[in-house]
Amino acid sequence: MKLRIPIILTLLALPVAAHAQSSSSPKISAQARQIQDSAIVVDTHADTPQRFLDENFDIGSTDPNDYGHISLDKMKAGNLGAEFFSIWVEPETNQGHYARHTLDLIDSVYEQAARHPTRMMMASSVDDIERAHREHKLAALLGIEGGHSIENDLRLLRDYYRLGVRYMTLSWSNTNEFADSSGDIDDPKVEHHNGLTEGGKQIVSEMNRLGMLVDISHVADKTFWDAIAIAKAPVIASHSSARALTNHPRNMTDDMLRAVAKNGGVVQVNFYSGFVDESYRKANDAQAKDRAAAVKANADQLRATGKTVTYLDNDRIEREWVAKIQRPPFSSLVDHIDHIAKVAGIEHVGLGSDFDGVMGATPEGMDSAADLPRITQALLDRGYSAADIRKILGGNILRVFREAERVSRELQAH
Ligand SMILES: [Zn+2]
C-alpha cells in the first residue's frame with residue numbers, strides 16, 4: 001500500500017494518535033503456542049524503515065501507545081524470527097536520487113541492528129536466519145520495493161546485493177524503465193512496455209545469478225508472466241493476496257498462483273484490509289477521492305502557514321479516514337491463506353504482512369506482530385496440521401530462498 005502523494009521528509013517526530021487496538025485478547029491454545037514457538041516464523045514485508053528514517057523510530061521502543069506494527073517486543077511476543085525490511089523509495093519526491101535514498105534506508109536498518117546487538121542481527125542467507133533463531137535474535141533482512149531503486153544500472157543492483165539485499169520487486173506502483181506496474185497500467189499518460197523489457201529480462205537473469213529473489217508483487221500481469229517464463233530460480237510474491245477473493249490488481253489470479261506453484265516459488269499473503277476483504281476494498285475505493293482531497297487540504301493549510309508538510313502529516317489524515325471504514329474480520333485474512341494453499345498447494349504460501357505500510361488498516365485482531373499466533377490458531381481451527389502450519393509460517397520461504405542460493409552457486413560455477 002502506502003499513500004502516493006508528494007511528501008517532504010523531515011526528522012521531526014510528531015505525536016501521533018494511537019490507532020484503536022482491539023481490546024479482547026484472543027485465546028491461543030497451548031498447541032498453537034507450541035507450534036508458533038517451535039517454528040522459524042518469517043515475514044517478508046514490513047515498511048518500518050520509513051519510520052527508522054523519517055521518525056527516528058527505535059525498534060527497541062517499549063511505548064505502549066506506539067501505533068506501529070513492529071518493535072522488538074511485539075516481534076518477540078509473536079515469535080517472529082525473521083523480517084524482510086522493505087527498502088522503498090517514494091518515486092516522485094526522490095527523483096534524481098533514488099540510489100541515495102535507497103542507501104539511506106538500508107543504513108537505517110543496519111543502525112537499528114547496531115543499537116540492539118543482543119536482540120537483533122543483520123542476515124542475508126538462510127544459514128544466517130537459522131543462526132539468529134538459535135541465538136534468539138531477530139534476523140533482519142533487506143528487500144528492495146521497486147526496481148527504480150537500481151536506476152536502470154546492473155552495477156547498482158550488484159552493489160545492493162553486496163549490502164545484503166535479498167529480494168527486489170521488479171516494480172512498485174510506478175512503471176519504471178524496465179517493468180510495467182499494476183499500479184499505473186490503466187493510466188494512458190504512462191509509457192508502458194508490454195511487460196518486461198529486454199533490459200528487464202537481463203535484470204531478472206542477473207538477480208538469479210546473484211541469488212537475489214525475484215519478487216513479482218506490484219508488477220502488471222504481463223510483467224509477471226514475462227518474469228516467470230525466464231526465471232531460473234523460484235520467484236516470490238513478497239506481499240500479495242488472492243484476486244479470486246478480493247478483486248484488486250495487486251492480488252494474484254488463480255492462474256498466477258498455479259504458475260508460481262509450478263515454478264516452485266511462494267506467495268506471501270498481504271494483511272492489508274483492502275487486499276483481503278472485498279467489502280473493505282469497495283468502501284475504501286468509495287472514499288478514496290474525498291480522502292485524497294482531505295489530505296491535500298490539510299497539506300495546503302500547513303503550507304499556507306509556512307509549515308513543512310511531512311509524511312506523518314499526510315499519514316495522520318489517511319489514518320483518520322481509514323478508521324471510518326469497518327475493519328474486516330480476522331477470517332478474511334485466513335481465507336486468503338486457505339485459498340492460496342488450496343489453489344497453489346501448501347508448499348507455496350506464506351506471510352508477507354505489509355506491516356507499517358498500510359495506514360494501520362489490518363483486519364480485526366491483527367494489530368501488530370504480537371498477533372501472529374492468531375494465524376496459527378485459526379489454521380489449527382480449520383484443520384491444518386502442525387507440519388503444514390510451520391510451512392506457512394516460514395518453512396516455504398526458507399525452502400525457496402535456499403533454492404535461489406543453490407541456483408546462484410550453479411550459475412556462477414559456469
Ligand atoms: Zn508494497
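1. Helix α11, covering residues 278-304, has 27 residues and reaches 39 Å from its first C-alpha to its last, close to the 39 Å expected at 1.5 Å a residue; the expected span is 1.5 Å times one less than the number of residues. Helices here are DSSP runs of H or I with at least four residues, strands are runs of E with at least two, and both are numbered from the N terminus. The model is a predicted one, in which local features need pLDDT of at least 70 and side-chain atom pairs count only at pLDDT 80 or more, while totals for chains, interfaces and linings use all residues. Residues are numbered from 1 along each chain as its sequence is written, and side-chain values use heavy atoms, with hydrogens and water left out.

2. At the start of α11, a side-chain oxygen of D277 comes to within 3.2 Å of the backbone nitrogen of S279. After the helix comes G306, whose phi is positive, near 80°.

3. Which residues of α11 are buried? They are Y280, R281, N284, Q287, R291, V295, N298, A299 and L302, with buried meaning under 20% relative accessible area, exposed over 50% and partly exposed in between, for a 1.4 Å probe and protein chains only. Their cover includes α10 (273-276) and α12 (311-322), judged by contact, that is, heavy atoms within 4.5 Å.

4. The zinc ion is coordinated by E145 through OE and by H218 and H239 through NE2, at 1.9 to 2.2 Å; donors are N, O and S atoms within 2.8 Å of the metal (3.2 Å for Na, K and Ca), and because water is not among the atoms, sites may look incomplete. In sequence the donor residues are spaced E-x72-H-x20-H. Because H218 lies in the loop between β6 (213-215) and α8 (221-230), and H239 in the loop between β7 (236-237) and α9 (254-263), the pair ties together parts that are 21 residues apart in sequence. H218 counts as buried at 2% relative accessibility, and H239 counts as buried at 0%.

5. Most residues other than glycine have a negative phi. H136, however, has a positive phi near 55°; H136 sits in the loop between α5 (126-134) and β4 (138-145) and is exposed, with a relative accessible area of 62%. E151 also has a positive phi, near 50°, and is placed in the loop between β4 and α6 (154-162), where E151 is partly exposed at 35% relative accessible area.

Note on methods:
A polar contact is a pair of N or O atoms within 3.5 Å; within protein, one must be able to donate a hydrogen and the other to accept it, and residues adjacent in sequence count only if both atoms are side-chain atoms.
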